[in-house]
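A plain report is enough.

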Amino acid sequence: MNRRALICGISGQDGAYLAKLLIAKGYDVYGTSRDAELSQFSNLVRLGIRDQVIVRSMSLSDFRSVLTTLSAVEPDEVYNLAGQSSVGLSFEQPVETMESISLGVLNLLEAARFVGGRSRIYNASSSECFGDTGGSVASEETPFRPRSPYAVAKAAAHWTVVNYREAYGLFACNGILFNHESPLRPNRFVTSKIIAAACAIKQGGMTGLELGDIDVSRDWGSAHEYVEAMWQMMQEETAEDFVIATGETQSLKSFVIAAFEAVNLNWEDYVKFNPGLARPSEIRLSSGNPHKAEKRLGWKAKMKMRDVVKEMIDAETLRKSPTAS
């Protein structure tokens, strides 16, 4: 029989790419959404795999719903990629963010324990948990100093996974992923907003772009490479947590420059600073050390920031092309 995987949050960027990867590896893939009957699963459609995924309605904040789904699917591997995913939105919806992320992970782990603990569990932790590391590079041993409701929720979920692994013997691991982008990233994320604006300005559909602080720095990688690391973590003999990053940090300004250069425009002619778009407590520098993943998993990022920008620009240009289907 094929191995069976359950992806919580399959409709998002990472969930869709992970589903495609697992299907290619011969898995039977199940995916959850709060209302599977109404969800369009546009990312799965875009990747051409919608008809190869079995979808179920499930809410991670409802323990009965999680328990029923795990009992019915009996997955070998569970990937938790669900929950409120925007740092910016978390300042406006802190309660929803905490409940969907930290309570959701607790329900998933407890339900897995209740049904016998046979499923391996991956949880999407986040580099946001580290906060501002003051210029140092974050590894698996770096203390958490969260600076947003999103990061607080992710930190709570991370340590819940560690506790269930140590106290109950579950195979449960955290992927501490740094920023990772793709053409599937929605426009509420600043990177996708920049890409869409650069292409629209080039085509005459926009005249300018307003951004908040562009002097912040991040480690940007490719989403479809990062889901490979998720899968590799789940194939280990014992569950451990891994930082997944490129090891290279670039400013948001550099991202903007690369995007506008890709469409042969000078960014300074179109981008304006809007202080109202700055976050209440911004992380100035986020830098990751992927050495453990390289050494233990054999995983190393091939695509860096400029590669990701080019991929997103190419996809956006094709999507807006009059000849695109």
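## Sheet, helices and a loop residue

Strand E4 (residues 77–80) and strand E5 (residues 120–126) pair in the parallel sense over four bridges. Within this pair, Val 78 stands opposite Ile 121 of E5. Helix H5 (residues 94–114) packs on the sheet and touches E4, E5 and strand E6 (172–177), and its direction makes about 165° with that of E5.

This is a predicted model, in which local features need pLDDT of at least 70 and side-chain atom pairs count only at pLDDT 80 or more, while totals for chains, interfaces and linings use all residues. Residues are numbered from 1 along each chain as its sequence is written, and side-chain values use heavy atoms, with hydrogens and water left out.

Helices (H or I, at least four residues) and strands (E, at least two) are DSSP runs numbered from the N terminus. Two strands pair if DSSP finds at least two bridges between them. Contact means heavy atoms within 4.5 Å.

The open sheet consists of seven strands in the order E3-E2-E1-E4-E5-E6-E11, with parallel pairing. Its edge strands, E3 (53–57) and E11 (242–244), each pair on one side only. From one strand to the next the twist averages 25°.

Strand E1 (residues 4–8) has five of its five residues buried, that is, under 20% relative accessible area. Arg 4, Leu 6 and Cys 8 lie on one side of E1, and Ala 5 and Ile 7 on the other. E1 pairs with strand E2 (residues 28–33) in the parallel sense over five bridges, and Ala 5 stands opposite Val 29 in E2.

| Pair | Sense | Bridges |
|---|---|---|
| E1 and E2 | parallel | five bridges |
| E4 and E5 | parallel | four bridges |

Helix H7 (residues 190–202) packs against helix H9 (residues 252–262) at an angle of about 30°, with the axes 9 Å apart. H7 is therefore roughly parallel to H9, a term for angles under 35 degrees. The contact includes Ile 194 and Ile 195 of H7 and Phe 255 and Phe 260 of H9. Its residues divide into ten nonpolar, one polar and no charged; Ala, Val, Leu, Ile, Met, Phe, Trp, Tyr, Cys and Pro count as nonpolar, Asp, Glu, Lys and Arg as charged, and the others, Gly among them, as polar.

Ile 214 lies in the loop between strand E8 (209–211) and strand E9 (217–218). Ile 214 is buried, with a relative accessible area of 16%. Not counting residues up to four places away in sequence, Ile 214 touches Ser 251, Leu 252, Lys 253 and Trp 267.

Conventions: Axes fitted to C-alpha atoms, helices over the stretch in contact; angles between N-to-C directions. Parallel < 35°, antiparallel > 145°, perpendicular 65-115°, else oblique. Buried < 20%, exposed > 50% of the residue type's maximum accessible area, 1.4 Å probe, protein only.
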